Amino acid sequence: MPFDLPAMARRARNVRRKTITIRDIIPPQMLARDLARTAYAPIVAVWEDATPRIMDAYALSLAQMTTDSPADVQREIEAAEGEASRLYLLLDARLRDWTLRVERWFRGKWRGAILSATGVDLGTLIGPEGVRASLETHLAWNADLVRDVSAQTRQRISAAVFDGLRARTPAREVAAKIREATGLARDRSTRIASDQLTKLTSSLADERRREAGIDLWKWRHSGKRHPREDHRARDGNLYADRPGGGGETVDGQRVLDPPEDRPARLPYCGCRSQSVIRFD
Ligand SMILES: [Zn+2]
């Protein structure tokens, strides 16, 4: 249920300032690590565990070069894929737990930040229902990415073994390529988990702001090592979400219209939006 936080804040305290900036909420990387560990790593492990069996079949095929031998390699790859598929139900449940946990974490931080900035306690006013659609979207997105990590790994492994059989590549070279494939999957999982955490918390920030009737926010640059220069340049800029909100001046600072690539929208963008309450 939407509510008018600026009005509530004014009632709670005798606000003289034109704006109150809400504390920046930075998601801890521990949450990203948990996502990678509980929902993505098991898929990579399936392919790592299958590697010796795939390699045994490969070595045999190479030695025999009989017409039916590639079928053994194929069978091992399909067995691993089947194992991955059987995991999806469990991983989807873990994704749900993780998503709800992040929502709870964010809501707690939001409540605390609003309380200390305005004296208003949102405790009974906000719940997970208010952000349900956002949670479902991110849940589906993650479920899709988990499957994609598996599919991409399978594709790389298949390419390595079938190309290897064609070219009669020594087994250890093919094994190295498979290790590279699973290593890439592990790295990608880590990056995805960090990106998904930023994306989910950024959506939650947008929704909580909308719900509270706050339309102003400040760009907070991620401070990542290889930043997008235009994003770094936006650090501290003030943006308004209301149509035609840009152009006005609030507290001596010019308000801008949000760019198309809002915080956390582009791949691996770690920028955030920091809420600003205005009193007019
Ligand atoms: Zn950025």
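Reader: Is His 231 buried or exposed?

Author: His 231 counts as buried, because its relative accessibility is 1%. Buried means under 20% relative accessible area, exposed over 50%, and partly exposed in between, with a 1.4 Å probe and protein chains only. Cys 269 also counts as buried, at 2%. A caution on sources: this is a predicted model, where local features need pLDDT of at least 70, side-chain atom pairs count only at pLDDT 80 or more, and totals for chains, interfaces and linings use all residues. Residues are numbered from 1 along each chain as its sequence is written, and side-chain values use heavy atoms, with hydrogens and water left out.

Reader: Which protein donors does the zinc ion have?

Author: Donors are N, O and S atoms within 2.8 Å of the metal (3.2 Å for Na, K and Ca); water is not among the atoms, so sites may look incomplete. Here they are His 231 (ND1), Cys 269 (SG) and Cys 271 (SG), lying 2.2 to 2.4 Å from the zinc ion. Their spacing in sequence is H-x37-C-x1-C. His 231 in helix 6 (residues 229-233) and Cys 269, in the loop between strand 5 (253-256) and strand 6 (272-278), are 38 residues apart and link distant parts of the chain. Helices (H or I, at least four residues) and strands (E, at least two) are DSSP runs, numbered from the N terminus.

Reader: How many aromatic pairs does the structure hold?

Author: A pair of aromatic rings is described by the distance of the centres and the angle of the planes. Rings of Phe, Tyr and Trp (its six-membered ring) pair if their centres lie within 6.5 Å; planes under 30 degrees apart count as stacked, over 60 as edge-to-face and the rest as tilted. The structure holds four such pairs. The rings of Trp 217 and Trp 219 have centres 6.1 Å apart and planes at 35°, so this pair is tilted. Trp 217 is buried, at 0% relative accessibility. Trp 219 is buried too, at 0%. Ring pairs join Trp 217, Trp 219 and Tyr 239 into a cluster.

Reader: What sits over the ring of Trp 219?

Author: A charge sits over a ring if NZ of Lys or CZ of Arg is within 6 Å of the ring centre and within 35 degrees of the ring normal. Over Trp 219 sits the charged end of Arg 234, 4.8 Å from the ring centre. Likewise, the charged end of Arg 147 sits over the ring of Tyr 88, 4.3 Å from its centre.
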